[in-house]
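Hi everyone, thanks for coming. Let's have a look at the structure together, and I'll talk you through a few things as we go.

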There are 2 protein chains.
Amino acid sequence: MKEQRKRYLLDEEEIPRYWYNIQAEMPNKPLPPLNPATKKPLTAEELYPVFAEECCRQELNQTDAWIKIPDEVRDKYKYYRSTPLVRAYGLEKALGTPAHIYFKNESVSPMGSHKLNSAIPQAYYCQQEGVTNVTTETGAGQWGASLAYAASMYGLESAVYQVKISYEQKPYRRSIMQTFGAQVTPSPSMSTRAGKDILTAHPNYQGSLGTAISEAVELARTTPNCKYCLGSVLNHVALHQTVIGLEAEKQMEMAGEYPDVVVACFGGGSNFGGISFPFMRHKIAGQPGKDHTRFVAAEPSSCPKLTRGEFRYDFGDEAGYTPLLPMYTLGHNFSPANIHAGGLRYHGAGVIVSQLLKDGLMEAVDIPQLESFEAGTLFARAEGIIPAPESCHAIAATIREALACKETGEEKVILFNLSGHGLIDMSSYDKFLAGDLQNYSLPDSVIASNIASTDPLQPESLL
Amino acid sequence: MKEQRKRYLLDEEEIPRYWYNIQAEMPNKPLPPLNPATKKPLTAEELYPVFAEECCRQELNQTDAWIKIPDEVRDKYKYYRSTPLVRAYGLEKALGTPAHIYFKNESVSPMGSHKLNSAIPQAYYCQQEGVTNVTTETGAGQWGASLAYAASMYGLESAVYQVKISYEQKPYRRSIMQTFGAQVTPSPSMSTRAGKDILTAHPNYQGSLGTAISEAVELARTTPNCKYCLGSVLNHVALHQTVIGLEAEKQMEMAGEYPDVVVACFGGGSNFGGISFPFMRHKIAGQPGKDHTRFVAAEPSSCPKLTRGEFRYDFGDEAGYTPLLPMYTLGHNFSPANIHAGGLRYHGAGVIVSQLLKDGLMEAVDIPQLESFEAGTLFARAEGIIPAPESCHAIAATIREALACKETGEEKVILFNLSGHGLIDMSSYDKFLAGDLQNYSLPDSVIASNIASTDPLQPESLL
């Protein structure tokens, strides 16, 4: 039997020392976030009351393509990085495809997903700046668990608002957060004005990321020495996640290949940006042999901001506490169906990705829930890793690409990001195997009227 | 900040090509297993009806110190091996110990524990020998999940008897097995004579590994073309697990250190043997600088066969279907308390380990349940990995050693095996954090009368 190389790992010295800031090299820079009160472009200083100051500067940095990873952060990355780049021989065989499928396995992070890559620097900057408390939202709980751990690592108190549907579907993630000492509250809650308002209007509301963000931002604004940390959407979060793609680039080199297609699931854009941006820089630079790569974001059909949303200024949260962001959106009060991929139930896309999609540098597909779990189950049996419901969307999109190669006979190289494992989401697989999951249809009229019902120019805002 | 190396990984070429068979080099060979009908030493052929034939030969092989890992098995090891050797800087700091603590992180296996190391070869040998169905027992579900995955990998049907208390405490593990297509039955069940007998006598019996083994063995014996696979206890299982220690030895070399103490939790002995035996061979050989290492097995106080059991011939299962094994035992019908470390709820120790303990080549400690979870929680906060309740016992024993070093100021090198993660055991942590877990006392009289009540010389046996 000829020996085949299955996994590629980097030595600790090879873990990146800089994150890649694609903002500095985009052909069209993102439009600026606006202060909703003044409609003027936001300054970093205006964001200081909410986020760690260094994160605010990174957020608006359109100049420096490379931003140094603090040594202390890189030292914590060593706890689980590099993550493996894996050749999915098992999946290739199951599909009978000539494509070469690789995945970057972020599920080996101790918290089970890529989220720790940004939780660590955010907690670190907070601690450096003298902050004592952090707060955040979480959907499926992967971000909340990561921030809870990172906070405990740096001696910070943490409070997490978890989307109520996930709080109930995934009790183990709540337990993980509590093991790290976090306060966990199901959202919407009665502990904030934003939560009370929506509960009063809709007593049985199951929550959304947009609402949980409102609650966490409100807590941060009303608590001394407390900052808010976001798990996706914003530029600095995607920046931190570029450690994924930068590692993957070196590992693909070890494999002697370069991706023709890069795929990731899409919630707010941080895992997509994390794996894509380092490869996309060669496309932007027009580098021969590396300028043809396609970048595919896989979003759920029930929350299709990239494929069916509108590009406009909108709020990042349900209550309208955040700056106005230029994004593809379904309207900031969009209430997504209760799919099990809780991390993808978000109404908008980050501003960088939105601009890249507008400029045709990337594309998007939408995946129905059942197709996502079919793909995830096939992958589990072929590769032995049970993927998170979110990651199942990336796998489904990868399978579509691989089956297209089977039709044409092309040996394309497909790279996807396995953003997390699904070991804590087994109740979702239970329901899928029992035939109890469904797809959700979403008429154009619902999307259109939801977008029309929001008025980003007359928002109530705390900023 | 001075850069510190955190994790050590081996290249795929460095993954071992041979397992280490300590039987060939033990100063006193283990006593032979006996056929309970004839009281004569068992031959490999007599085991063929139950196990894969190659496993039977490995079981009784006292000649060959090195046994080749089939290329096809080694190729599957590449899916997750090498596993990292990690310097536990975080734990050292939390304890304020001068000891250097390392752990081998088997929790990164896609099934979350070391069990896959033996599931893969067992399923492989079955498939090579034309077997179509495999069956087994499982406690917490880590072995069952691993065998279910390995079986699906080789196109075999699998049926798993899961100890009822774990079936109910840890539903996600059942879901994982089902995702890989396994039939999962809570044990004791009404589907076997062994299960019926015990349910008739004790209708509310919560099950034990011994009972589940009886049910699985009975199924294998009464089903055409079906073999039984065991997850621990037997020599060939510990043999397969030596891949852990063989990797760890190379990785400790990379770190420039050699362990003074090697620690592992103890259920049947496979993870203990897996990490220990490769190091113990140098102690047996009296190699200078490597002959002083202490080997510490950490068992639960509520199931203390090593520290308080009797060395004698006993059955490996509750119903008395297996050969008679020379082992430290609490009596094959011992019913352990319902601790959350389901994988350690077994009445006996494997024959190799039993002989080594008798010969003073290793030692054992018993850990109360609360101490195990205190240790696990401390480790989680320090290293970011939530350990399996089983592995918490190894951590507790490690902490005892590290705190002793703090007393004496010794810079001992301690290596323990992190056999699995606890992400699927969060309900146990929930109960611990809520103060709902307890220790269990076990009077000497209970142990003595339980051992006395079993009569291994007049057993009912299918063999």
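Okay, so what you see here is a predicted model. How confident is the predictor in chain A? The mean pLDDT of chain A is 94, and 98% of its residues reach 70 or more. There is a stretch to be careful with, though: over residues 458-463 of chain A, pLDDT stays under 50. For that stretch the model has 18 contacts beyond four places in sequence. As for the scores of the model, ipTM is 0.90 and pTM is 0.93.

Next, the two chains. What rotation puts chain B on chain A? It's 180°, with 0.0 Å of shift along the axis, and the RMSD of that superposition is 0.0 Å. So the two copies are related as by a two-fold rotation axis. And the same surface serves both copies, since 100% of the contact residues of chain B recur in chain A.

Helix 12 of chain A covers residues 270-284, and helix 14 of chain A covers residues 351-358. Their axes come within 11 Å and cross at roughly 50°.

Who makes the contact? From helix 12 of chain A we have Phe272(A), Phe277(A) and Met280(A), and from helix 14 of chain A come Ile352(A), Val353(A) and Leu356(A). By class, that contact has six nonpolar residues, no polar ones and no charged ones.

Helix 12 of chain B and helix 14 of chain B pack at an angle of about 55°, with their axes 11 Å apart. These helices of chain B are therefore oblique to each other, and their crossing is left-handed. Here Phe272(B), Phe277(B) and Met280(B) in helix 12 of chain B meet Ile352(B), Val353(B) and Leu356(B) in helix 14 of chain B. By class, this contact has six nonpolar, no polar and no charged residues.

That's it from me, thanks!

Definitions and conventions
Residues are numbered from 1 along each chain as its sequence is written. Chains are lettered from A and ligands numbered from 1 in the order in which they are written. This is a predicted model: local features need pLDDT of at least 70, side-chain atom pairs count only at pLDDT 80 or more; totals for chains, interfaces and linings use all residues. Side-chain values use heavy atoms; hydrogens and water are left out. pLDDT is the predictor's confidence in each residue, from 0 to 100. Contact means heavy atoms within 4.5 Å. Copies are superposed by least squares on the C-alpha atoms of residues with pLDDT of at least 70 in both. Axes are lines fitted to C-alpha atoms, for helices over the stretch in contact, and angles run from 0 to 180 degrees between N-to-C directions. Helices (H or I, at least four residues) and strands (E, at least two) are DSSP runs, numbered from the N terminus. Ala, Val, Leu, Ile, Met, Phe, Trp, Tyr, Cys and Pro count as nonpolar, Asp, Glu, Lys and Arg as charged, and the others, Gly among them, as polar. Angles under 35 degrees count as roughly parallel, over 145 as roughly antiparallel, 65 to 115 as roughly perpendicular and the rest as oblique. A crossing is left-handed if the near helix is turned anticlockwise from the far one by less than a right angle, and right-handed if clockwise.
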